[in-house]
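Hello,

Please find the structure below.

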Amino acid sequence: MSGFHHAGIVGGGLIGMSWAALFMARGLAVTVVDPDPETEPRLRRFVADAWPNLVTLGLAQGDTVPDAQVSEDMDALDGVDFVQENGPDRIEIKRTIVARIEAVVGPDVVIASSTSSLKATDIQQGAAHPGRILVAHPMNPPHLVPMVELVGGGQTTETALQIAEAFYTQMRRVTLRVKKE
């Protein structure tokens, strides 16, 4: 498979687990970062339960359910080529998470937030590379509903939006660009 190979997921709650299942079904290596030590067993159960649906939908590459790398340490994101951020919808927490992600991943790696209530412009504030930050709001659950709204912030580059569109297209999601935050 060309394109993207290793996705980072920050936040292993329901949305993060759903993204992880989809990304693994589409053949990506997946690293999930979450401070909860129960994330790994919860993720394994979620993906195992989701896998038959992903196979039925033609999204999974095979019947074997892969494992994600799960870590409590943000450094585990080193080497990912796309980040799906799913932390709590509180602006101070989002900005802290983004700063921690930016300390590890390369400056060209897009950081897409699954937020449903915050603006990308607000998340970008104080970021080292604000142009690569955008909102990628999924229809729930993201592993089953094939639509993602992409919303750029005041500093989001066209390149970042194009990279996000290419990524979600590889995941067989339909992207809708929302023009106003």
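Asp 67 is exposed in this predicted model, with a relative accessible area of 52%. Asp 67 forms a salt bridge with Arg 44, where the closest N and O atoms are 2.7 Å apart. Because Asp 67 sits in the loop between α2 and β3 (69-71) and Arg 44 in helix α2, the pair ties together parts that are 23 residues apart in sequence.

Arg 44 is partly exposed at 42% relative accessibility. Its side chain also meets that of Glu 40 in a salt bridge (3.1 Å, N to O). Glu 40 and Arg 44 are 4 residues apart in helix α2 (residues 39-56), so about one helical turn separates them. Glu 40 is partly exposed too, at 32%.

Another salt bridge joins the side chains of Glu 102 and Arg 132 (3.3 Å, N to O). Glu 102 belongs to helix α3 (residues 91-102) and Arg 132 to the loop between α4 (120-124) and β6 (133-138), so this pair links parts 30 residues apart in sequence. Glu 102 is buried at 12% relative accessible area, and Arg 132 is buried at 4%. Shared partners join Glu 40, Arg 44 and Asp 67 into one network of salt bridges. The count of salt bridges comes to 8.

Ala 20, in helix α1 (residues 14-25), is buried at 0% relative accessibility. Leaving aside neighbours within four places in sequence, Ala 20 is in contact with Ile 9, Val 30, Val 32 and Leu 43.

On the surface, Met 147, Val 174 and Leu 176 form a nonpolar patch with about 220 Å² of accessible area together. Met 147 lies in strand β7 (residues 147-152) and is partly exposed at 31%.

Regards

Methods: Residues numbered from 1 in each chain as written. Predicted model: local features only at pLDDT ≥ 70, side-chain atom pairs only at ≥ 80, totals over all residues. Heavy atoms only, no water. Helix = DSSP H or I, 4+ residues; strand = E, 2+ residues; numbered from the N terminus. Buried < 20%, exposed > 50% of the residue type's maximum accessible area, 1.4 Å probe, protein only. Contact = heavy atoms within 4.5 Å. Patch = residues over 30% accessible without salt bridge, like charges linked within 9 Å, V, L, I, M, F, W, Y side chains within 5 Å. Areas by Shrake-Rupley, 256 points an atom, 1.4 Å probe, with all protein chains shown as cover. Salt bridge = Lys/Arg side-chain N within 4 Å of Asp/Glu carboxyl O.
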